[in-house]
Amino acid sequence: MSKLPKANKELGQHFLRDQKVINAITTDWKEEADIIIEVGPGPAILTRKLSQHSQPLYVIEKDDRFKDTLLEYVDQENIYIGDALEFDWQGFIEKEALTNKKIWLVSNLPYNVGTILFTQFLQIPQIEYMTLMFQKEVGDKTYLRDTKNQMNGLLFLSLNYFNSRQLLKVPPGAFSPPPKVDSVVVSYHRKELPDISINNYKSLNEFTRLVFSMKRKQLQKVLKSKYSKDYIEKSLASKQELLEKRSEAISYTDILFMFQALENK
């Protein structure tokens, strides 16, 4: 691999250099997707491999230093230079006639905005598949692991909309410059019928924020900050035992039940 450019610390750049990890990411959903979109391609480390697939490839990159490098692998009209946080996804999907296409989104997410971008991606129904690299502490919150008390708001949203699994763990030495923390690559496939529709995303997100705002307190105390005692007891009458639990210790189905009972009338 050619010499990598200097990373921009303000943009949270860490360039991947481990070929095993690169190959795992860039082959994850290559047989299933209609379109590939890479967010934050940087110096085209993943882009090189992704451009070898048969699907059209689009990239969204904030750092304009990399435009010439990306042009070696991506058609100019498919390169969008700008902040992914401000990207007009619906305008892009309509412009490129992607409404009925299955998009595979690939990204080595900047650590400082990984959660924000992930929640944006959840809300775009055309994104059928995702292969995302996170700071491990964040990525581990988006898929089920064999551990106790792992439930959190991000995990509930992820499980509602996607089937997810850990693809591989990535040590700091796989990057240049090496970050101070471990990373993880997670693979996602959107559910055809989520338990809660994407149309209810705003209220669902607000509800999970409430439930996990004080995750070590009993749920009856947490819920009282929004709902009356009588309404809580009446709505959750068939599962009163939930009120004595802490939010981090409850299950996906528990949260689903509470949301449908309290909010999704």
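Which side chain meets that of Asp254 in a salt bridge?

A: This is a predicted model, in which local features need pLDDT of at least 70 and side-chain atom pairs count only at pLDDT 80 or more, while totals for chains, interfaces and linings use all residues. Residues are numbered from 1 along each chain as its sequence is written, and side-chain values use heavy atoms, with hydrogens and water left out.

The side chain of Asp254 meets that of Lys239 in a salt bridge, at 3.8 Å from N to O, where the term stands for a side-chain nitrogen of Lys or Arg within 4 Å of a carboxyl oxygen of Asp or Glu. This pair links distant parts of the chain, since Asp254 belongs to helix H11 and Lys239 to the loop between helix H10 (229–235) and H11, 15 residues apart; helices (H or I, at least four residues) and strands (E, at least two) are DSSP runs, numbered from the N terminus. Asp254 counts as buried, at 10% relative accessibility, whereas Lys239 is partly exposed, at 25%; buried means under 20% relative accessible area, exposed over 50%, and partly exposed in between, with a 1.4 Å probe and protein chains only.

A search of the whole structure finds eight salt bridges. One of them joins Lys62 and Asp83, with the closest N and O atoms 3.5 Å apart. Here too the partners lie in distant parts of the chain, 21 residues apart, with Lys62 in the loop between strand E3 (57–61) and helix H3 (67–70) and Asp83 in the loop between strand E4 (79–81) and helix H4 (89–95). Lys62 is partly exposed, at 46%, and Asp83 is also partly exposed, at 21%. Asp63 forms a salt bridge with Arg65, with the closest N and O atoms 2.8 Å apart; Asp63 is buried at 6%, while Arg65 is partly exposed at 42%.

Turning to the nonpolar packing, the largest nonpolar core has 61 residues, and Trp89, Phe121 and Leu223 have the most contacts inside it. Such a core is a set of buried Ala, Val, Leu, Ile, Met, Phe, Trp, Tyr and Cys residues joined through side-chain atoms within 4.5 Å. Helix H11 (residues 252–262) gives this core its largest share, seven residues. Leu223 touches residues including Phe207, Ile232, Met258 and Leu262, not counting residues up to four places away in sequence, where contact means heavy atoms within 4.5 Å.
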